[in-house]
Amino acid sequence: MTVAFIGLGNMGKPMAANLLKAGIDLTVWNRSAAAADDLTAAGARRAAHVVDTAPADVVITMVADDGALENIMWDGRLLDVLPRGAIHVSMSTISVALAEKLTAAHASRGSTFAAAPVFGRPEAAAAARLFVVAAGPAAALDRCQPLFDIMGQRTFRFGERPSAASLVKLSGNFLIACVIESLGEAIALTRKGGIDPHQYVDFLTSTLFAAPIYKTYGGLIADERYRPAGFRMSLGLKDVTLALDAARAETVPLPVASLIRDHMLSALAQGYDDADWTALADLAARNAGLKR
């Protein structure tokens with residue numbers, strides 16, 4: 001099986017590196033070519049243009065947002081040059097609407113679209129410990145499963161509609177944002193009351209909330225470790241906004257998502273554009289008068 005990997009950012013690069021380490025015949029492309037240097041030095045082929053990835057049996061895209069993926073597929077003409085029978089797997093967090101648009105576009109050209117967004121931060125990507133949420137034609141997912149197994153620790157399948165995976169991913173990121181917001185507020189409250197944040201997080205994660213998500217984000221908040229960003233605030237805003245878009249399409253109110261979106265906008269307005277989305281907790285600390 002030949003594989004092309006498009007998008008070598010904080011998540012994509014370690015994912016592609018794991019495929020290469022596993023002996024996958026890999027071609028890589030990134031808008032900023034230098035991002036591929038380490039991978040090509042390790043044996044991957046560098047595509048000069050995005051359309052040069054098309055001969056691969058499976059093309060994986062891991063890009064920042066809908067606009068970047070649309071640019072690759074339509075403006076970059078990748079959609080037009082993919083051979084019949086090729087599989088395009090979007091592992092990015094994209095809108096439900098774009099997943100549906102890509103499903104139809106691929107079907108009309110004889111290629112197959114599947115969605116397989118992932119849960120996990122860059123360190124989990126490097127350790128091949130991602131959780132993969134996959135949806136699409138069963139035969140395509142079966143063919144891609146060995147790739148998912150290389151990049152992740154477990155794959156969860158949600159049927160044959162690729163957009164279902166996008167909806168699950170967006171709902172999950174909304175819940176993560178809720179955890180960050182509530183942890184940030186609770187830690188601001190206890191810090192202002194004189195309680196050490198590390199001791200507080202240790203209590204929470206040893207008793208009531210002994211889950212990886214609370215341990216990871218609680219530790220970052222207690223350490224006030226918001227830079228460099230593992231997942232930028234602007235990307236968090238994008239995902240919460242996409243969750244609200246999906247909710248509007250299904251006529252489902254998400255009042256907490258609306259609140260968090262506004263807090264993220266406030267954070268961006270106050271200079272947190274280069275910070276991790278965990279910096280919502282720093283905003284909560286400022287609002288509590290703990291910082292200037």
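This is a predicted model: local features need pLDDT of at least 70, side-chain atom pairs count only at pLDDT 80 or more; totals for chains, interfaces and linings use all residues.
Residues are numbered from 1 along each chain as its sequence is written, and side-chain values use heavy atoms, with hydrogens and water left out.

Helices (H or I, at least four residues) and strands (E, at least two) are DSSP runs, numbered from the N terminus. Two strands pair if DSSP finds at least two bridges between them.

Back to β1, then. This strand, residues 2-6, runs parallel to β2 (residues 25-29), with five bridges joining them. β1 also pairs with β4 (residues 58-61), again in the parallel sense, over four bridges; there, isoleucine 6 has threonine 61 as its bridge partner. Four of the five residues of β1 are buried, that is, under 20% relative accessible area with a 1.4 Å probe and protein chains only; exposed is over 50%, and partly exposed lies in between.

Now to helix α3, residues 66-75. Which of its residues are buried? They are Asp66, Leu69, Ile72 and Met73. They cover an arc of only 135 degrees around the axis, so they sit on the same side of α3; the arc is taken from the directions from the helix axis to the C-beta atoms. At the start of α3, aspartate 65 brings a side-chain oxygen to within 3.3 Å of the backbone nitrogen of glycine 67. After the helix comes arginine 77, with a positive phi near 70 degrees.

Asp66 turns up again among the contacts of serine 95, along with Ser166, Leu170 and Leu242. Contact means heavy atoms within 4.5 Å, and residues up to four places away in sequence are not counted. Serine 95 lies in the loop between β5 (87-90) and α5 (96-109), and counts as buried because its relative accessibility is 9%.

Last stop: an open sheet of three strands, ordered β7-β8-β9, with mixed pairing. β7 (118-119) and β9 (152-157) each have a single partner strand, so one side of each is left without a neighbour in the sheet. β8 (residues 130-134) and β9 run parallel, joined by five bridges, and valine 132 has threonine 155 as its bridge partner.

Terms used: A polar contact is a pair of N or O atoms within 3.5 Å; within protein, one must be able to donate a hydrogen and the other to accept it, and residues adjacent in sequence count only if both atoms are side-chain atoms.
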